[in-house]
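Here is a short briefing on one protein model. Please read it alongside the coordinates.

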Amino acid sequence: MKRLSLRARLTLIYGGIFLVAGLVLLAVTYVLVDQRTAAPFGVALRDVKPIVQGVEGKLTGDQAEQLRLIVRKVQGDARNQTLDSLLTQGGIALGLVSVVAIAFGWLVAGRALQPLHQITGTARRIAGADVAGRGLHERISLSGPADEVRELADTFDEMLERLDRSFDGQRRFVANASHELRTPLALNRSLIELAISRPDASEDVRRLGESLLAVNERHERLIDGLLTLADSEKELTARSRMDLADVADHVLDQVVGEGAGPTVTRQLQPALVVGDPVLLERLTTNLVENALRHNVPEGGHVDVRTGVRDGRATLIVSNSGPTVPSYDVEAIFEPFRRLSGERVGSGRGFGLGLSIVRAVARAHGGTVSAHPRDGGGLVVTVRLPEAPTPQPSVPAVPDDPAGARRS
């Protein structure tokens, strides 16, 4: 019973109630007919007695008694046939009407549950949005009488409106705060560079200035990460067709330098996608920089692969490094979180890299997954919808006018 849908359960309840009511009605009718036909068809023996007495003078005693027995037998047979017919035909009629009642109950239950299906559909679309907070602009706007279901839908709409305002306010706050912080940081950098570039600047001042520039640069990178994270959670405005292999190749040429460091291998197969070039380049850059930064001191390697798997454009970045517990993998995708729940506080980064990767992937309708690599390190896989194959345009064939020259 628990596995049945609500519509099926309501239909069974409607049908069961109708069947029980029909059985009770049939039983009451049977009892009433049984009492009424104690003398079948309203003919009692006292009504037949004058006839029997009228012919008693012409019949012997045994013949008169036989006549009475025959009348009694006819009465009993007629009574039994009437009750049997009532049970048989009444049961058949009840069965047919019950089937019709169950079908009608199925339709009525579906009609009654239609508003709930509308509410569920809206909630499912919002829950399936690529980015948290996207899709909150939808409303149920249920029409109909002001009943309990309408009250539920209106309450749900009010909740969506408040959540929509909250998410919009949060995104605007991050974007505005990041923009406002850029100006004083740029001013600080200019003043520090001016101070350490003066000819009479002492060695202590230059060392202090270089330290302040490093701190200033760290803050600028933090703000850039926050801006990217806020922008990636919005609707994409710039979309173009590109190849993930080209993006990964360009990023590797820019990020990977010569000299000591992890060995980088690339296996780049075509993987066409449609999306924002800036955000997808940032996604790839974050993955490669994360793989280079969190690696072993010597003999490390980074493997970057692109291609199409199961109809999805795929980017895989794996690296050697420290052992990553499987229960810590999901936590590193949260903002300002790193391995083993470590908060921001060291020089290795801000914990925004993989958060931006997930936000950018979701904004493009894709997914990001990670799992520990055997021997240490991490394997991060990004799957994005593959770009549709463009349909070749067929040039229109001009009509051959009458009298046109033929070769």
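Of the 407 residues in the protein, 32% are buried, meaning under 20% relative accessible area with a 1.4 Å probe and protein chains only. The model is predicted: local features need pLDDT of at least 70, side-chain atom pairs count only at pLDDT 80 or more, and totals for chains, interfaces and linings use all residues. Residues are numbered from 1 along each chain as its sequence is written, and side-chain values use heavy atoms, with hydrogens and water left out.

**Overall fold**
- The protein has eight helices and seven strands; these are DSSP runs (helices H or I, at least four residues; strands E, at least two), numbered from the N terminus.
- Of the contacts (heavy atoms within 4.5 Å) with a separation of 6 or more, 69% join residues 24 or more positions apart.

**Nonpolar cores**
- A nonpolar core is a set of buried Ala, Val, Leu, Ile, Met, Phe, Trp, Tyr and Cys residues joined through side-chain atoms within 4.5 Å.
- The largest has 35 residues, and Leu283, Leu287, Val304, Leu315 and Val382 have the most contacts inside it.
- Elements giving two or more residues to this core include helix H6 (244–255), helix H7 (277–293) and strand S4 (301–309).
- H7 gives the most, with six residues.
- Beyond four places in sequence, Leu283 contacts Leu315, Val357, Val360, Ala361 and Val382.
- Another core lies apart, with eight residues, among them Ile119 and Phe156.

**Asn216**
- Asn216 sits in helix H5 (residues 203–232).
- Its relative accessible area is 5%, so Asn216 is buried.
- The Asn216 side chain reaches the backbone oxygen of Leu185 at 3.1 Å.
- Leaving out residues up to four places away in sequence, Asn216 touches Leu185, Asn188 and Arg189.

Methods. Buried < 20%, exposed > 50% of the residue type's maximum accessible area, 1.4 Å probe, protein only. Polar contact = N/O pair within 3.5 Å; in protein donor to acceptor, adjacent residues only side chain to side chain.
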